[in-house]
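Please keep the sequence and the coordinates at hand while reading.

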Amino acid sequence: MPKKRPNVLILMCDQLKATALGLYGNPDVSTPNIERLAAHGILYSRHYVTAPMCVPSRAATWTGMYPHCTGVRHNQVLMPPGRAHYARLLHDAGYRMALIGKDHCFQGADRDLFTTRFEAGHQGIANPPAGSEAAAVATFLSKPAFNESATYAETIPYPPEACATSLIASRTADFLKECNDSAGSPFCAWVSFPDPHHPLAAPEPYASIYRPDRIDMPPTRPHELDDKMERQRVFFHLMGLDRTPEEDLRRAVAIYYGMISYLDDGIGAVLDALDASGMADDTVIVFTADHGDYAGEHGMMLKSGVFYDCMTRVPLIVSGPGVEARGQVRDELVSNIDIMPTVAQLIGIDDGPPVYGRPLPGAGGDCPREAVFAEHGAGGPRVLMSDLDRYPDYTRPLPNVHLRLMHARNAEGRPKMVRTGNWKYVYDPMDPVDELYDVQADPWELTNLARRPEHAQVRAAMRDRLMRWSLMTEDASATPLYSDPITLTDTPDGGPDFYHHTLTDQ
């Protein structure tokens, strides 16, 4: 009888920047359960997502392809039907598929691949029982006040057991028990926690763990946005952050940290259930996030279409069968498009779709990246400060003004990022300003060096690398170069093997 493939458990959270965790250098936040997972696997210290927004990043994770390859470029476009992705690959390989928590990626027949579903989002679980505390939580989190300010934060006046993270963890424990009792097909569970995404709210005791006056706030620089892309100033003013007192920003960060501690306990409950099931040694576990949060950096909260590390660098931990060592930290640059190709290799599936992702170092990969890339927008018209001046009521969350501007920002421009060992470069052909950061010397990315003469050569080299990546990855599917398929296969720069990392900097 053939040996059963390993199980797959993907723990994804929403809007968690790497440096919010103690594992990534934050002395304020303790996450013992995430640290417990890292002690049994590999932590990737420089893991970057390919998009700073939920849907494009999630689609990139599941496809192993960049957003411009999937066509998923902003949050209003879900995964197109028929797109090749790893959920279908695992389903077709006999995996029992579960989606527990937030989707914000799949639709139609692709969504139906997950035969076990328990849906939850940023207002709690879907369709809570009438009159239940879970229903009360959903009503509380739907208050308009949460949309009126980027720093509005509150305590949820209901117990943790009524909130999404606890309910997701509980349903996951039930699913693991069902899988263990049935002793049948291997499972792939996508456990997708909405926390710590806004609305900024946490139940007790988590809402009170972190005192706002004791938090070490990120450094800022006066007028630092003046010589950066205009989209940053638009977000700063549109979200009312130019009028936000420091105590409100501190309170928001404190609640954000409390949501992370709540998330950590939810992850701990899932890991406990997996241990109790006896399946832990046979399960590949991935912990990550879809994108980050300003969390006080640059004087802001929430997310926007920019490429600071707080937005694009998120945690990644991989453990389980086939992972080289326990408690290891890897410093290579890695991308979220590498996650599912790694999972596929670890579970013994090597006939996946052509992708730009590659197995992670230490988990089957031996081809380190020289650079990672990210992108946003879909070529829509830019939203300018002058547009805000045309709408004196833009600071109010009115559907005919505020939401229109927010949705326009989702699709505006074509900004792209390249990150190498020490440098980060951001370019948008629709914006006259580009950005260059020496991330080693300036880890908070406060000073734009793009126009400094002494950095002209670095800027030119980074721009050239970004252009080459954009051109070499612009086709989502291989285009035959010759009519003879045998000749095509033998061609070193084309054919199916082209997508298996012929270019080392892709």
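The points below are grouped by topic.

The model is predicted, so local features need pLDDT of at least 70 and side-chain atom pairs count only at pLDDT 80 or more, while totals for chains, interfaces and linings use all residues. Residues are numbered from 1 along each chain as its sequence is written, and side-chain values use heavy atoms, with hydrogens and water left out. Helices (H or I, at least four residues) and strands (E, at least two) are DSSP runs numbered from the N terminus.

**Salt bridges**

- The structure holds 32 salt bridges, each defined as a side-chain nitrogen of Lys or Arg within 4 Å of a carboxyl oxygen of Asp or Glu.
- Side chains of opposite charge can pair when their charged atoms come close.
- Arginine 231 pairs with glutamate 412, with 3.7 Å between the closest N and O atoms.
- Glutamate 412 is buried at a relative accessible area of 2%, and arginine 231 is buried at 5%; buried means under 20% relative accessible area, exposed over 50%, and partly exposed in between (1.4 Å probe, protein chains only). Aspartate 428 is buried as well.
- Aspartate 431 and arginine 382 form a salt bridge (3.3 Å, N to O). This pair links distant parts of the chain, 49 residues apart: aspartate 431 is in the loop between S14 and S15, and arginine 382 in the loop between strand S12 (372–375) and helix H13 (385–390).
- Aspartate 431 is buried, with a relative accessible area of 10%, whereas arginine 382 counts as partly exposed at 23%.
- One network of salt bridges that share partners joins Asp103, Arg111, Asp112, Arg117 and Glu119.

**Lysine 102**

- Lysine 102 is in the loop between strand S3 (96–101) and helix H5 (108–112).
- Lysine 102 counts as buried because its relative accessibility is 6%.
- Leaving aside residues up to four places away in sequence, lysine 102 touches Asp14, Cys54, Arg58, Ala120, His122, Trp190 and Ser192, where contact means heavy atoms within 4.5 Å.

**Cavities**

- There are six cavities of 30 Å³ or more. On a 1 Å grid over the protein atoms alone, a cavity is a set of points where a 1.4 Å probe fits but cannot get out, and lining residues have an atom within 4 Å of a point. Grid points are joined across faces, edges and corners, and a volume is the space filled by probe spheres set on the points.
- The largest cavity holds about 140 Å³ of space. Its lining has 17 residues, of which His122, Leu141, Ile156, Asp195 and Ala201 are nearest its centre.
- Helix H6 (133–141), strand S8 (200–203) and helix H10 (246–277) each supply at least two residues of the lining of the largest cavity.
- The lining of the largest cavity divides into 11 nonpolar, five polar and one charged residue; Ala, Val, Leu, Ile, Met, Phe, Trp, Tyr, Cys and Pro count as nonpolar, Asp, Glu, Lys and Arg as charged, and the others, Gly among them, as polar.
- The second largest cavity has a volume of about 70 Å³. Its lining residues include Arg231, Lys424, Glu435 and Glu445.
- H9, S14 and S15 each give at least two residues to the lining of the second largest cavity, which has six nonpolar, two polar and four charged residues.

**Strand S10**

- In strand S10 (residues 316–319), Leu316 and Val318 point one way, Ile317 and Ser319 point the other way, and all are buried.
- Strand S2 (residues 41–48) runs antiparallel to S10 and is joined to it by three bridges; two strands pair if DSSP finds at least two bridges between them. Glycine 41 has serine 319 as its bridge partner in S10.
- Strand S9 (residues 283–289) pairs with S10 over four bridges in the antiparallel sense, and valine 286 stands opposite valine 318.

Methods: On a 1 Å grid over the protein atoms alone, a cavity is a set of points where a 1.4 Å probe fits but cannot get out, and a pocket is an open set with protein on both sides within 12 Å along at least five of seven lines; lining residues have an atom within 4 Å of a point.
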